[in-house]
Amino acid sequence: MAISAAAAAAAALSFPRALPSPLQPRRRRRRRSAEPPACAHSERGVTFDPGSAFYRSDSAAGRDLAVLAATLHRRAAGPSAPFLCLDAMCGCGVRALRYLAQVGADFVWANDASEALRPVIVGNLSRFERAPDRRWAVSHLDATRLLSERYLRREYFDVIDVDSFGGDAAYIRAALLALRIGGLLYLTSTDWRSARGYGSRRWCCAGSCYSGISHYSIVLLHNGKQDGISNYGFICHCKSCGQSRTFGFDELGQITCGCADKIDPDSITVVGPLWTGPLHDTTFLTEMLSLATEWGWANTIENGVSLEKLLDTMIEESDSRLPPGYIRLDEIASRAKVNSPPLGTLINSLRKEGYAACRSHIGANAIKTNCPIECCLDVAQEIRNLR
């Protein structure tokens, strides 16, 4: 349901004062503020206590990216209205805490279904005084219910963070409804399932990243006419020759592989419809890298991850010539019947042949390229014969 710009602005200005009403229908005695817990952990200078909550230090890079993206979004939004964030599955509250401390959010709603984590979450967020501006609130609701209620109450957020353990697809629609037009949706999925949005609003992926067991996606929500289906289609993979190709909706009944093996119908696998356009937005990622450099994050290695290296790789992957997916070096070597060529040498050789090629941030032993598989095999054989 769309609302006018004036109504949206008015709702944004009055929103923080109306937050507690759906969560506390009955009047309760005011409790003393919780004391901040002992500082057991630290991320980029923000100290917190994970308590009994599930916490992975290896996922800190994903939280770094969330903070960088949200900060850029806040700067672009300007100071005209409060900047509101919602962490739908906050765990111990470290993400919400970083949105307050590093992004400078005017208000953060931290939600986790487990009420047993309330002392931990409140303890961590209590480093920021709630009064008089009510900087944060904590709730314990099912994420879908919380997001749906925010939409029904016309309480929209500039940033919504969904860090789900498992697939995030079940929460996409509710999150998009509660997201302000022009807002940013940050998704974390631990099972790699693609996330797709439906309805009259449309969204575009500004960045997608895999780290450890988690897959991160940054989504910007826009209003207006649909831009067609040019960036959506189907991917065909032939197990016989190893080649992958993309097909449009008008080609769905004509998907074949041009290799010699056309007899076995099980050799071809088709998946989709899914996004087949550029994997990332180059401009947005370049701005994230500049901000990481400004803050001194780019050249440091936190939990084994270099943000500079990661973002540089993602920027290279945003080349519009590159198709979806990647090719593992061991598959190339196996099909070419040679030892695996050095990754950097293979990429440089493919570029000399006029193809787009780069590393894949998903796998250290994989490349992305628009070079046909048979040419990749020839290049790999040539590299090995020259050594």
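## Helices α2 and α8

In this predicted model, the axes of helix α2 (residues 60-77) and helix α8 (residues 307-317) come within 11 Å and cross at roughly 70°. Helices are DSSP runs of H or I with at least four residues, numbered from the N terminus, as are strands, which are runs of E with at least two. Because angles of 65 to 115 degrees count as roughly perpendicular, α2 and α8 are described as roughly perpendicular to each other.

The contact, meaning heavy atoms within 4.5 Å, is made by Ala61, Asp64, Leu65 and Leu68 of α2 together with Leu307, Leu310 and Leu311 of α8. These residues divide into six nonpolar, no polar and one charged; Ala and Leu count as nonpolar, and Asp as charged.

## Helix α4

Helix α4 (residues 118-125) is mostly covered, since six of its eight residues are buried, that is, under 20% relative accessible area with a 1.4 Å probe and protein chains only. The buried residues are Val120, Ile121, Val122, Gly123, Asn124 and Leu125, and they pack against β2 (46-48), α3 (94-103), β4 (107-111) and β5 (136-139).

## The whole chain

The chain has eleven helices and 17 strands, and 47% of its 387 residues count as buried. Among contacts between residues at least 6 apart in sequence, 68% join residues at least 24 apart.

## Basis of the values

Residues are numbered from 1 along each chain as its sequence is written, and side-chain values use heavy atoms, leaving out hydrogens and water. Because this is a predicted model, local features need pLDDT of at least 70 and side-chain atom pairs count only at pLDDT 80 or more, while totals for chains, interfaces and linings use all residues.

Methods:
Axes are lines fitted to C-alpha atoms, for helices over the stretch in contact, and angles run from 0 to 180 degrees between N-to-C directions. Angles under 35 degrees count as roughly parallel, over 145 as roughly antiparallel, 65 to 115 as roughly perpendicular and the rest as oblique. Buried means under 20% relative accessible area, exposed over 50%, partly exposed in between (1.4 Å probe, protein chains only).
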